[in-house]
Amino acid sequence: MSSYLIFAYGGVGLCGIGVFGFILHSHLLRRLIAFNLLGSGTFLILVGLSQSGRGQPDYIPQALVLTGIVVAVAATALALVLIRRWAALTKHATLPEDQGPS
Amino acid sequence: MAHFPIAGLIVFPLLGALVSLALSKRWRTVMSFILITALLLNNVSLLFQFYGQGTFNEAMGNWSAPLGIELRVDGLALIFSLMSALVASVCALYACVYLSATQLKLFWPFFWFLWAALNSIWLSSDLFNLYVGLELLSLAAVGLVALSRDATSLAAALRYLFAALLGSIGYLLGVALLYATYGTLSLPELSQHFSLTLSSAVALGFMCIGLLMKTAVFPMHSWLPPAHGGALTPVSALLSALVIKASFYIVLRLWTELSLEIASASAGMLMGILGSAAILWGGWMALNQTHLKLVIAYSTLAQVGYFMLIFPLLSPVDAHASHLAFQGGVLMLLAHALAKAGMFLAAGNLLFCSGQKDLKSLAGLSRYRPLNIFAFGLAGVSIMGLPPSGGFNGKWLLIQSAMLQSQWVWVAVIIMGSLLSAAYIFRVFSYTYREVEGGDSFKQPAAVLEWTALSLSVLSILLGLASMLVLDLLPISAVVAQ
């Protein structure tokens, strides 16, 4: 097994944790963190899988992942602003359908 | 004759987004309308260039693929770019009268990011650029939903954001697997090497699920009605008319360029079943809503189902029937964009008159605002699919294609869906014809608001008369050549 594949498998593992967290948690910040794990896992798969078996490192996936990280940061920032505003307005950190009968 | 470069379609809106952040309220609007004019001219110039030389490419900044970004203008991209230019500029005109000064100030940057993302999706032929476009589109759309700033729309925006992010990650995961298998991300190159293996099927599965989630295809639709129904009116129009089309456009591109109808017939069938479920469920839910904008939002859900019927009708054996299905689907997409935007704008005016959201408050409005009801009705004609509208021609082509292939199920679904849409549109009408007891006190919307709504609705009818002009732009080779 080449060392690149370790990254790919690590990415798959991270994605799994991310999906699990996304489904299991209703707290909005935890969901956001789960999304970030999912994103990092995908980037690892993108870099890891495409490097294997081609001899020298492939620069294209690295460029792609850099762009992807920037996009993920922007999405996280927007989500944080919305979550903060939501918490300030309603004093809740979960969406109405996850709050249960109150 | 000198032409605008293709890149203008992306550079102008990005410029609008960045510069408008630095300007004061009034100058944002002034600059935006200058840029809208430039973009309309740019689109027309591209149209002439396309008539002159057919499909053409441009490498941005002379950096060629794979590191550079290559833009491609073909018939399909051109049609969608013209469609978004038309709808977006009318919505912008509506927004600058409808929105309050504070809302408008925040509206412009998001609007421009939205338009930039849309154009970059129409023009990209590279899977990763499509991903960046999709993400930019989602972020701008979520921002627009949150613009009304109350708790309900904020919850809708958050739900939308999480659905959109999950969708994008699914798509990106598929892109990563495809790159690992084929070592390329450009669609034309991919289509040469593509074959359906286990890894490419898994990759395409991830991509399709992600994209369908963003298009709100049944059963991944629950985020759409609160987001589209709860947003400010011009935003609802933009979201329903344009934003959901972008992710669907990518599915359509993938399907036709990789010739998936040859690779797997059952996948097309599955898409058709999802589409049929969406048509029936969306129509039924629209019939049971008490808020006007939710009726229209659920109607969008049903209309997305019709687009999905393209896939089972693309046939590897019958080139003529495939072409009819493709044309019909594209026509449905266009007609829906124009009619749904017109309908949302007209509905926004009606709600503005009564000041309330529910259908009961519409009583008496047909006498008070006949022009507006007329705009709503014309859009309704296209949504229901009555002749001579664009919606009718689209459905007719789809039905013809289904009959040629003896796939009667889809014919039945299309007809049932049309009956359902007639029911929910006439239901809205029946409320407007009720008489109110005691006096009514309606506010009067500005004339611009009514005329912009009417113009889009009229365009959706005119599309029915000028369908061939539009469809002639489509390459026959897109489906048939193989």
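Residues are numbered from 1 along each chain as its sequence is written, and chains are lettered from A and ligands numbered from 1 in the order of writing. In this predicted model, local features need pLDDT of at least 70 and side-chain atom pairs count only at pLDDT 80 or more, whereas totals for chains, interfaces and linings use all residues; side-chain values use heavy atoms, with hydrogens and water left out.

Chain B contains 22 helices and 2 strands (DSSP runs numbered from the N terminus, with H or I over at least four residues for helices and E over at least two for strands). Its radius of gyration is 21 Å, close to the 23 Å given by the globule rule for 482 residues, so chain B is as compact as a globular protein of that length. The radius is taken over C-alpha atoms, and the rule is 2.2 Å times the number of residues to the power 0.38. The C-alpha trace of chain B spans about 70 × 55 × 45 Å along its principal axes.

Of the 482 residues of chain B, 64% are buried (under 20% relative accessible area, with exposed over 50% and partly exposed in between; 1.4 Å probe, protein chains only). Among contacts (heavy atoms within 4.5 Å) in chain B between residues at least 6 apart in sequence, 81% join residues at least 24 apart. Chain B carries 20 positive and 16 negative side chains, and the centres of the two sets are 14 Å apart. Lys and Arg count as positive and Asp and Glu as negative, while His and the chain ends are not counted; each charge is placed at NZ of Lys, CZ of Arg, CG of Asp or CD of Glu.

An unreviewed UniProt entry places the feature "domain: NADH:quinone oxidoreductase/Mrp antiporter transmembrane" at residues 124-420 of chain B. UniProt positions follow the numbering used here, feature names are shortened, and annotations may be inferred rather than shown by experiment. Residues 124-420 of chain B are 80% helix and 0% strand, with the end C-alpha atoms 37 Å apart. His336(B) is part of helix α15 (residues 319-354) of chain B and is buried, with a relative accessible area of 1%. Beyond neighbours within four places in sequence, the contacts of His336(B) include Ser240(B), Lys245(B), Gln303(B) and Ile383(B).

Asn43(B) lies in helix α2 (residues 25-53) of chain B, and Ser81(B) lies in helix α3 (residues 75-98) of chain B. Asn43(B) is buried at 1% relative accessible area, and Ser81(B) is buried at 1% relative accessibility. Their C-alpha atoms, 38 residues apart along the chain, are separated by 7.3 Å. With neighbours within four places in sequence left aside, Asn43(B) contacts Leu9(B), Ser81(B), Leu82(B) and Ala85(B), and Ser81(B) contacts Leu9(B), Asn43(B), Asn119(B) and Trp122(B).

In chain A, the unreviewed UniProt annotation "transmembrane region" covers residues 6-25, 32-51 and 63-83. Residues 6-25 of chain A are 95% helix and 0% strand, with end C-alpha atoms 28 Å apart; residues 32-51 of chain A are 100% helix and 0% strand, with end C-alpha atoms 29 Å apart. Leu82(A) lies in helix α3 (residues 59-90) of chain A and is buried at 6% relative accessibility. Apart from neighbours within four places in sequence, Leu82(A) is in contact with Val142(B), Ala146(B), Leu154(B), Ala157(B), Leu158(B) and Leu161(B).
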